Amino acid sequence: MCDLLDLEETATQTGPKGVINDWRRFKLESMEQENLPPAKRELLRQMSSPHRKKDDSRSNLNRKMSVQEYELLKEEDESCLKTYRKRCMQEMHDKLSFGPKFEGVHDLDSGEAFLEVIEKEHHSTVVVVHIYKIGVKGCEELNNCLDCLAAEYPTVKFCRIDAVSSGAAERFSDEVLPTLLVYKAGELLGNFLACTQHLSEEFFATDVETFLNSYGLLPEKDAPVTKEEDENDVE
């Protein structure tokens with residue numbers, strides 16, 4: 001049976017010592033081993049996974065960093081550090097993110113499919129349904145906007161259904177189209193009939209995004225990577 005020390009080694013460490021040890025391991029794995037002097041390579045190996053005897057394992061875990069180790073860690077290695085920070089941010093984002101992700105706008109072909117997407121989708125997922133009709137002003141433009149927003153908000157499930165296919169054409173006459181319905185955990189959060197009347201004559205995806213955000217119906221988007229950050233990662 002493994003002891004407490006074994007469990008501590010396999011668990012992810014989040015304190016200062018855990019961060020330092022994780023950085024040590026990352027630097028060892030990312031550096032070009034063949035270009036390192038043998039002494040430095042061995043030191044990095046010891047720092048990332050020090051050899052321990054059973055009787056002094058706890059003291060080794062808590063030992064102070066040597067001057068040689070400190071000098072090695074503070075060496076200029078901006079590229080490695082940026083890559084490490086990017087990996088840590090991605091891991092944090094993955095841990096905080098939950099629920100499924102989607103691609104594109106989903107076409108619903110029946111009232112049953114409409115009910116299923118509302119009732120059976122993950123409780124954390126926002127479902128946006130566009131009820132449209134070919135030939136009705138604003139419907140085609142709104143469909144194009146939702147195609148763009150689906151790429152910007154992968155955790156939101158964007159759907160569309162023809163009013164006739166929904167089986168409720170009498171309820172969704174041309175006068176109330178296009179209609180946007182927003183659900184979460186089976187609950188109706190937004191019911192926007194003839195929603196384009198809230199937009200300008202010529203509208204774009206950003207206008208639809210602003211409209212939905214004014215009601216707090218869209219989650220926060222991931223911060224885009226700037227050109228400078230992307231170039232620095234490549235260097």
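User: Is Lys133 buried, exposed or partly exposed?

Analyst: First, the ground rules. This is a predicted model, with residues numbered from 1 along each chain as its sequence is written; local features need pLDDT of at least 70, side-chain atom pairs count only at pLDDT 80 or more, and totals for chains, interfaces and linings use all residues. Side-chain values use heavy atoms, leaving out hydrogens and water. Buried means under 20% relative accessible area, exposed means over 50%, and partly exposed is in between (1.4 Å probe, protein chains only). Lys133 has 31% relative accessibility, so it counts as partly exposed.

User: Which residue forms a salt bridge with Lys133?

Analyst: Side chains of opposite charge can pair when their charged atoms come close. The rule here is a side-chain nitrogen of Lys or Arg within 4 Å of a carboxyl oxygen of Asp or Glu. Lys133 pairs with Asp174, with the closest N and O atoms 3.3 Å apart. Lys133 sits in the loop between β2 (126–132) and α8, and Asp174 in the loop between β3 and β4, so the pair ties together parts 41 residues apart in sequence. Helices (H or I, at least four residues) and strands (E, at least two) are DSSP runs, numbered from the N terminus. Asp174, at 37%, is also partly exposed.

User: How many salt bridges does the rule give?

Analyst: The count is 5. One of them joins Arg160 and Asp107 at 2.8 Å, N to O. Arg160 is in strand β3 (residues 157–162) and Asp107 in strand β1 (residues 106–108), so this pair ties together parts 53 residues apart in sequence. Arg160 is buried at 14%, whereas Asp107 is exposed at 53%.

User: What about Lys137: which residue is its salt-bridge partner?

Analyst: Glu201, with the closest N and O atoms 2.8 Å apart. Lys137 is in the loop between β2 and α8, Glu201 in the loop between β5 and α9, 64 residues apart. Lys137 is exposed at 62%, and Glu201 is exposed at 68%. Elsewhere, salt bridges that share partners join Asp107, Asp147 and Arg160 into one network.

User: Now a helix. Which residues of α9 are buried?

Analyst: Ala205, Val208, Glu209, Phe211 and Leu212. Seen down the axis of α9, they fall within an arc of 160 degrees (taken from the directions from the helix axis to the C-beta atoms), so they line one face of the helix. These buried residues pack against α8 (139–152), β4 (179–184) and β5 (187–192).

Technical notes. Contact means heavy atoms within 4.5 Å.
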